[in-house]
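Have the viewer open and follow along.

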Amino acid sequence: MGMIAQFSVFQSMKENNVKVSLDGQGADEIFGGYKNYMVCIIKKHFFNPFFHYKYFSANDFNQIINNYKLFLVSLFPSLFERLYFKKRARKVFNNSIKFISSKKKMFEYPSNLNAKLNYDIDEHLPVLLKYADRNSMANSVESRAPFMDYNLINYSIDVSPNLKFKNGY
């Protein structure tokens, strides 16, 4: 769905004679900006009661519940992958389908946040960048992604996860 919204933004830029756009693609993947990355931090500190106390006191209840649901899912990534895709496939194909598990690790959350970020940079980010490029070029707008500088990416992977998250953010 984000691709369609992105296309509309570039279309609006074209209508307003904007020729170049600065895009934030990649910032969430290199700095841990998505909420689901908190699962890696929870896994790392799961047996630390002080962490949970600080985390619970700094976050709203709904976000805590969502992160702990993802944490439980992360304990059984293959099962979740099967349920997730089978449910969606049944909506499209109204018959029984055979499930073939992938070699991808999209539902795995290691306790090392940087390992998950590295995976997402390698697997998910190229797809997002491809669509950003196609949507911008379809509307004759040049999209630049300053967060995709290889020096910044290499640096961010080496930054300690403790500096990327504080009190659950």
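This is a predicted model: local features need pLDDT of at least 70, side-chain atom pairs count only at pLDDT 80 or more; totals for chains, interfaces and linings use all residues.

Residues are numbered from 1 along each chain as its sequence is written, and side-chain values use heavy atoms, with hydrogens and water left out.

**Aromatic rings**

A pair of aromatic rings is described by the distance of the centres and the angle of the planes. Rings of Phe, Tyr and Trp (its six-membered ring) pair here if their centres lie within 6.5 Å; planes under 30 degrees apart are stacked, over 60 edge-to-face, and the rest tilted. Searching the whole structure on that basis turns up two aromatic pairs. Phe31 and Phe147 make an edge-to-face pair, with 6.4 Å from centre to centre and 85° between the planes. Phe31 belongs to helix 2 (residues 27–31) and Phe147 to the loop between strand 2 (142–144) and helix 9 (150–158), so this pair ties together parts that are 116 residues apart in sequence. Helices (H or I, at least four residues) and strands (E, at least two) are DSSP runs, numbered from the N terminus.

How about Tyr34 and Tyr37: what makes that pair tilted? The ring centres of Tyr34 and Tyr37 are 6.0 Å apart and the planes sit at 40°, so the pair counts as tilted.

| Residue | Relative accessible area | Class |
|---|---|---|
| Phe31 | 33% | partly exposed |
| Phe147 | 30% | partly exposed |
| Tyr34 | 36% | partly exposed |
| Tyr37 | 1% | buried |

**Charges**

Lys130 lies over the face of Tyr131, 4.9 Å from the ring centre. For that label, NZ of Lys or CZ of Arg has to be within 6 Å of the ring centre and within 35 degrees of the ring normal.

As for salt bridges (a side-chain nitrogen of Lys or Arg within 4 Å of a carboxyl oxygen of Asp or Glu), the count comes to two. One joins Lys116 to Asp120, with the closest N and O atoms 3.7 Å apart. Both of these residues, Lys116 and Asp120, are buried. They are four residues apart in helix 7 (residues 113–123), so about one helical turn separates Lys116 from Asp120. Glu142 and Arg144 form a salt bridge too, with the closest N and O atoms 2.8 Å apart. Glu142 is partly exposed at 35% relative accessibility, and Arg144 is partly exposed at 44%.

**Helix packing**

Helix 1 (residues 2–15) packs on helix 8 (residues 125–138) at an angle of about 35°, with the axes 8 Å apart. Axes are lines fitted to C-alpha atoms, for helices over the stretch in contact, and angles run from 0 to 180 degrees between N-to-C directions. On the helix 1 side, the contact (heavy atoms within 4.5 Å) is made by Met3, Gln6, Phe7 and Phe10, and on the helix 8 side by Tyr131, Ala132, Asn135, Ser136 and Ala138.

**Backbone**

Most residues other than glycine have a negative phi. Asn17, not a glycine, has a positive phi of about 60°. Asn17 sits in the loop between helix 1 and strand 1 (20–22), and is exposed at 60% relative accessible area. Ser140 is not a glycine either, and has a positive phi of about 55°; look for Ser140 in the loop between helix 8 and strand 2.

How values were computed
Buried means under 20% relative accessible area, exposed over 50%, partly exposed in between (1.4 Å probe, protein chains only).
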